[in-house]
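Here are my notes on the model you sent. Please read them with the structure open.

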Amino acid sequence: MRIHRLFLLQVAGTAVQAFHAVTASRVAPPHHQADPRQLQALRPPTTIKQVASTQSWTEVPHTGDESTLTMVATREEQLVVEPEDDSKLMNVAMFNLIKCALGSGVLALPSGIAAMSDLKSTILPSALFLTVLGTVSAYTFYNVGRVCQQTGSKSMGEAWERQVGKDSKWIVSFATASLTFGCCLAYSIVVGDTFHSLATTTNLPLSRSAAHMLVTLGAMFPLCMLNNLASLAPVSVVGVIGTFLTVVFMGWRCMGPGYKAGGRLFATLAPALKPSFGIRGQGKALSSLVLVSMSALAFLIHFTAADFVNTFPKGEKQLKSFKTLTVKGFSWTVGLSVAVLAFGYLTFGGNAAGNILNNYASADVGATICRLLMGISVVGSFPFCLASCRAAVLDLMGRGGSTAATPRTNRMVSAGLLALVTSFALRLKDAGIVVAINGALMGSALNYIFPAVMLLKSGKTARWERNLNRSLIVIGVVMAMAGGTVSCLNAFAPHLLR
């Protein structure tokens, strides 16, 4: 208990510092790449004064402290950020990276093990495997940033166009649209589950569909209609705090007696949600691809790589700083993901749900607090994800993305996408299915195949790295085909994998 208190104090201190940094700098990128106008809006209010000619400007925050942040813009509108405190910039960027990576997909990871086994001995190889996949994702994320830095690109799509070709750029746009639509669907399912559980806890007579529609129409729809999402930046803090507290809570419940047979909370669970170990044993080897598919989505933040690498001052140290950020940010992300995987599975075993918070009893106060925090985080993050989907759809339609479309067009497309997402979410009950299928098909392409293709096209790699990336392309293709098939079987014919 003393260790838990110390850990919570440390997390609280870090969160307070990050809150001041995030709300001051407003540089939190969304889970996937958003409208550039929204990213611009996340910067602090500034005044611009001419310092030399029409080609060079200095942007000074209203605080009056020119040494804190200087931005130099050229005719090509390239921004150079030169903060005085590099460590503060690194900490804020790392905080934002963790928030971007730890979306709703992390809550589905325990169900990935449950799809292939209900033996406790399965947790060790699964945790090691997840760590390896997280490391590979960190490498491919760094490669995307590398290519963007080398080509001066502001997005993964732009880097693809410059390295691979304009004619095939639609592939990236299609993958982005499909991926972000799937992420929006997973978010929407989590919203329905979370707020229905909260309504049940507070004895409100609301069905899952009613609770879902109430939150969608009352909160998510108005937020998605905003032209500027800058006011949602502090939600990043709530999301990270919620994730940390959820991990601590899950560890506490895993080691405590509450959910063990005969425990106080064990008897309150439905049979399908009660801990289950050693009943069906080990499933077929192919069933392990469900966890692989989920992992591809859990670590997928590659569309934000350009935003993160351009956060640092241009020059010799830019790529080195980005590499440090990648190592630190993914270390925390992988560590927290493994913790959720382990604590969730070791508590509920073969009955781990697609959203692990659904397994915990409605009478569990700690679970209620975690649901509330994660619910706020998901509702606040949803508009960013929908904006990314909208931009990709408009790009596929030949409208040039959200920045080229009128506000009215953006709102109409957002409303249509939200209605489509909600209609699917009202019928689907398991976010884990969406995460697995989406991760297998689109996650594998964006996580492994596309970064490797771009790096190989750059021609600036050693022989061993070229061979490694060729292997990643093959692995990505196999994972997309086999993982997608197995994920569909697990969703609709699970008996074939056992």
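**Notes on the model**

1. C184 is buried, at 0% relative accessible area. Buried means under 20% relative accessible area, exposed means over 50%, and partly exposed is in between (1.4 Å probe, protein chains only). The closest cysteine sulfur to that of C184 is in C385, 3.6 Å away, which is too far for a bond. C224 is in no disulfide either; its nearest cysteine sulfur, that of C184, is 7.6 Å away. C224 is buried too, with a relative accessible area of 6%. How many disulfides does the rule give? The count is 0 disulfides, where a disulfide is a pair of cysteine sulfur atoms within 2.5 Å. A disulfide is a covalent bond between the sulfur atoms of two cysteines.

2. A word on the basis of these notes. This is a predicted model: local features need pLDDT of at least 70, side-chain atom pairs count only at pLDDT 80 or more, and totals for chains, interfaces and linings use all residues. Residues are numbered from 1 along each chain as its sequence is written, and side-chain values use heavy atoms, with hydrogens and water left out.

3. Next, the nonpolar core. The largest one has 126 residues, and F322, L325, Y360, F382 and F450 touch the most other members. Helix α7 gives the most to this core, with 14 residues. A nonpolar core here is a set of buried Ala, Val, Leu, Ile, Met, Phe, Trp, Tyr and Cys residues joined through side-chain atoms within 4.5 Å. Helices (H or I, at least four residues) and strands (E, at least two) are DSSP runs, numbered from the N terminus. F382 touches C184, Y187, M220, C224, L418 and V421, leaving out residues up to four places away in sequence. Contact means heavy atoms within 4.5 Å. Another core, of 5 residues, lies apart from the largest one; L232, V235, F384 and A387 are among its members. In soluble globular proteins, nonpolar side chains tend to be buried together.

4. Look at helix α10, residues 289–298. The helix is mostly covered, with 10 of its 10 residues buried. Among them are L289, M294 and L297.

5. N438 lies in helix α15 (residues 431–458). Is N438 buried or exposed? N438 counts as buried, at 9% relative accessibility. Apart from neighbours within four places in sequence, N438 is in contact with S178, L179, G182, C183, L297 and G443. The C-alpha atoms of N438 and G182 are separated by 6.0 Å, although the two residues are 256 residues apart along the chain.

6. N143 is buried, at 0% relative accessibility. Not counting residues up to four places away in sequence, N143 touches L455, E465 and N469.

7. Now the charged pairs. The count comes to 5 salt bridges, a salt bridge being a side-chain nitrogen of Lys or Arg within 4 Å of a carboxyl oxygen of Asp or Glu. One of them joins D193 and R208, at 2.9 Å from N to O. This pair links distant parts of the chain: D193 sits in helix α7 (residues 169–201) and R208 in helix α8 (residues 208–224), 15 residues apart. Both D193 and R208 are buried.

8. D364 and R253 also meet in a salt bridge, at 2.8 Å from N to O. Here the partners are 111 residues apart, with D364 in the loop between α12 (318–348) and α13 (365–396) and R253 in helix α9 (residues 235–255). D364 and R253 are both buried.

9. E158 and R162 form a salt bridge with their closest N and O atoms 2.6 Å apart. Both sit in helix α6 (residues 156–163), 4 residues apart, so about one helical turn separates them. E158 is partly exposed, with a relative accessible area of 21%. R162 is partly exposed as well, at 47%.

10. Last, the surface. W170, I171, F174 and L396 form a nonpolar patch with about 390 Å² of accessible area together. Accessible areas come from the Shrake-Rupley method with a 1.4 Å probe; for residues, only the protein chains shown count as cover. Patches are made of residues with over 30% relative accessible area and no salt bridge, joined within 9 Å for like charges and within 5 Å for nonpolar side chains (Val, Leu, Ile, Met, Phe, Trp, Tyr). Helix α7 gives the most to the patch, with 3 residues. L396 is in helix α13 and is partly exposed, at 39% relative accessible area.
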